[in-house]
Amino acid sequence: MKNRFKKIPYGTFRMAQKCYVCKGTGLDICPRCNGNKTFNGKTCTECNGVGTVKCYACGGRGIVD
């Protein structure tokens, strides 16, 4: 006779949450130019003059597993 009951793992289930660094936007202020878009009088090479980079904590997705 087959078991009619489905086994469910015991414990809490982890849901994806908004990133704690970027608050779900996926972007963070450039660490090199601090969002000023220039570094040492030239266009920032880290952010290409945008002032923001992909969030390092979530990889630009906006959620953390």
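The legends below describe several close-up views of a predicted model.

View 1. Of its 65 residues, 18% count as buried, where buried means under 20% relative accessible area, exposed over 50%, and partly exposed in between (1.4 Å probe, protein chains only). Among contacts (heavy atoms within 4.5 Å) between residues at least 6 apart in sequence, 55% join residues at least 24 apart.

**View 2. Cysteines without disulfides.** A search of the whole structure finds zero disulfides, a disulfide being a pair of cysteine sulfur atoms within 2.5 Å. The closest cysteine sulfur to that of C22 belongs to C19 and lies 3.7 Å away, which is too far for a bond. C33 is likewise in no disulfide, with the sulfur of C30 as the nearest cysteine sulfur, at 3.7 Å. C22 counts as buried because its relative accessibility is 6%, and C33 also counts as buried, at 3% relative accessibility.

**View 3. The largest nonpolar core.** Five residues, C30, C33, C44, C47 and V53, make up the largest nonpolar core, that is, a set of buried Ala, Val, Leu, Ile, Met, Phe, Trp, Tyr and Cys residues joined through side-chain atoms within 4.5 Å. Leaving aside neighbours within four places in sequence, V53 is in contact with G26, L27, D28, I29, C30, P31, E46 and C47, and two of these partners, C30 and C47, are listed in the core as well.

**View 4. Strand β6 and the residues around I63.** I63 lies in strand β6, which covers residues 63-64, and it is partly exposed because its relative accessible area is 35%. Not counting residues up to four places away in sequence, I63 touches A16, Q17, K18, C19 and C58. I63 and C19 are 44 residues apart in sequence, yet their C-alpha atoms are 4.8 Å apart in space.

**Notes to the views.** Residues are numbered from 1 along each chain as its sequence is written, and side-chain values use heavy atoms, with hydrogens and water left out. As the model is predicted, local features need pLDDT of at least 70 and side-chain atom pairs count only at pLDDT 80 or more, whereas totals for chains, interfaces and linings use all residues.

How values were computed: Helices (H or I, at least four residues) and strands (E, at least two) are DSSP runs, numbered from the N terminus.
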